[in-house]
Structures are given as C-alpha cells and as structure tokens.
Amino acid sequence: MTERQESTARACQGLLPDLSGLDLATLRGIDHAVLAGVIEGLVARVTHPADVLSDYAERAS
C-alpha cells in the first residue's frame, strides 16, 4: 500500500476492505451496516426469486 493509499484509508475509516477473497458465509459475519444491507438484498433475491421478478415486472410497466 502506498503512502497516499494509507492516508486515504485513515481519512475514510468507513470504507470497506478488499473482501473479494471471502465466501458469503464469512461476509455475513462481518459487522458493517452497508455490507449487511447489500447481503440481505442478495439473499432475498435468491430465496424469493418470484418477488424480484414481480417487482421488476411492475417497474417495467
């Protein structure tokens, strides 16, 4: 990490770290409000696909 990146990271403490190497089970265990909301939405899409399609159809009309 460069000095500039370190400085930016310190200034923006709310930024997410690089999580690309983690699986979904591990991501769900991380305590971060925005990440939790995103994962909750993704899980809802998988567990209730008909709801997602209904919402899409309503918006497309």
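Among the elements of the protein chain, the lowest mean pLDDT (58) belongs to helix α1 (residues 3-11), and the highest (84) to α3, where pLDDT is the predictor's confidence in each residue, from 0 to 100. The model is predicted, so that local features need pLDDT of at least 70 and side-chain atom pairs count only at pLDDT 80 or more, whereas totals for chains, interfaces and linings use all residues. Residues are numbered from 1 along each chain as its sequence is written, and side-chain values use heavy atoms, with hydrogens and water left out. For the protein chain, the mean pLDDT is 75, and 72% of its residues reach 70 or more.

The secondary structure of the protein chain consists of four helices and zero strands, in the order α-α-α-α from the N terminus on; helices (H or I, at least four residues) and strands (E, at least two) are DSSP runs, numbered from the N terminus. Of the 61 residues of the protein chain, 7% count as buried, a class defined by under 20% relative accessible area, with exposed being over 50% and partly exposed in between (1.4 Å probe, protein chains only). The protein chain exposes about 5,400 Å², of which carbon and sulfur atoms supply 57%, the areas coming from the Shrake-Rupley method with a 1.4 Å probe, and only the protein chains shown counting as cover for residues.

Val 34, Val 38 and Leu 42 make a nonpolar surface patch of about 270 Å². Patches are made of residues with over 30% relative accessible area and no salt bridge, nonpolar side chains (Val, Leu, Ile, Met, Phe, Trp, Tyr) being joined within 5 Å and like charges within 9 Å; a salt bridge is a side-chain nitrogen of Lys or Arg within 4 Å of a carboxyl oxygen of Asp or Glu. Val 34 lies in helix α3 (residues 33-47) and is exposed, because its relative accessible area is 55%. Val 38 also lies in helix α3, but counts as partly exposed because its relative accessibility is 48%.
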